[in-house]
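Have a look at the sequence and the model first.

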Amino acid sequence: MTVSMEDLPPAERQAPLPSAERRGPEGRRPQRGPRPDRPKRRDVSGWVILDKHVGMTSTHAVAVVKRAFNAKKAGHAGTLDPLASGILPIALGEATKTVPFVMDGRKAYRFTVQWGIETDTDDAEGRPVATSDARPDRAAVEAALPTFVGAIEQVPPRYSAIKIQGERAYDLAREGETVELVARPVQIDRLAVVEHDGERTVIEAECGKGTYVRALARDLGRMLGCYGHVAALRRTRVGPFSEAEACAVSALTDGSPEAALAYLRPVETALDSIPEVAVSRDLGLRLMRGQPVILRGRDAPVEGKAFATCAGILVAVGDVERGELIPHRVFHLGGTAPGRSA
């Protein structure tokens, strides 16, 4: 049982000693034992494909992975809401320079729509704002899905990270302000019903950057005249990363930083969608100094994005213009970074 000062009778409480008495007979502060050494942060570079569990924020997930590797630098490629689970790619070290390539990639989700209730957040955490006793059958849901496939205009949820005059929409909504968001173009490539029980429908979606699944559930419920919100959400793919290569949080935290390296993927994994150019050591050094180089050989790309490697090591990513590679990002993959066989 823990006893605090407030639990003792007044006579038994002892005031703190004056600072002079705490210092000892010679006025010196008593010696303390040596502080334990903190693990030194390491230059770790690569991608960790985390299978985030429900309840964890993306920011917390990054902190956990960074601590598991004792890494100096880390960041994620696309926020995943606490209520959602699934793929959260986390970049360490030099891999943070390739985050935009992952965020611009295609994404896939599996989500559950609860019919009959629309909420102010468009998910299960929100307050109901509209209800209906109507429930769609599977055929009605499947007939409505093609309306949302292709290039469409979508109004984001009021509780989203979109900025309005410098303020996040969710901050304004939480303060009780009226949030009016304009429709934005998004690309949805595929929607398919995988389960339906009357009250709920499980749908798979493949879409591009900026698509809100919560808004999709909201708009689908309005079209069907029964309202709806997302009751469960799982992200199954982000760019080149899928569930098959993901690891649980416990796989990283239950072992040592060295054991965690087994889950580290090469930095260039994020660049799978653009061509690779192998260059000589001299050209590699020029690129790493930020200087453009002329690409030779019939297999060299003529235009567009490309990344350069020297002896299998990533050195730069940039644009090819008229046979010349102009680097926009250069890499210094010293320290700990996995090879291509990892």
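In which sense do strand β4 and β12 pair, and over how many bridges? Strand β4 (residues 107-115) pairs with β12 in the antiparallel sense, over nine bridges. Here strands are DSSP runs of E, at least two residues long, numbered from the N terminus, and two strands count as paired if DSSP finds at least two bridges between them. One spot to look at is Trp 115, which stands opposite Gly 228 in β12.

Before going on, a word on the ground rules: this is a predicted model, where local features need pLDDT of at least 70, side-chain atom pairs count only at pLDDT 80 or more, and totals for chains, interfaces and linings use all residues. Residues are numbered from 1 along each chain as its sequence is written, and side-chain values use heavy atoms, with hydrogens and water left out.

Back to β12, which spans residues 228-238 and is mostly covered, with eight of its 11 residues buried (buried means under 20% relative accessible area, with a 1.4 Å probe and protein chains only). Strand β3 (residues 84-92) runs parallel to β12, joined by three bridges; Gly 86 has Arg 235 as its bridge partner there.

Now follow β12 into its hairpin with β13. Two residues lie between these strands, and Gly 239 takes a positive phi near 55°. The two strands run antiparallel and are joined by two bridges, with Arg 237 partnered by Ser 242 in β13.

Ser 242 sits in β13 (residues 241-242) and is buried, at a relative accessible area of 14%. Leaving aside residues up to four places away in sequence, Ser 242 touches Ile 49, Ile 87, Thr 236 and Arg 237, a contact being heavy atoms within 4.5 Å.

Key:
Helices (H or I, at least four residues) and strands (E, at least two) are DSSP runs, numbered from the N terminus. Buried means under 20% relative accessible area, exposed over 50%, partly exposed in between (1.4 Å probe, protein chains only).
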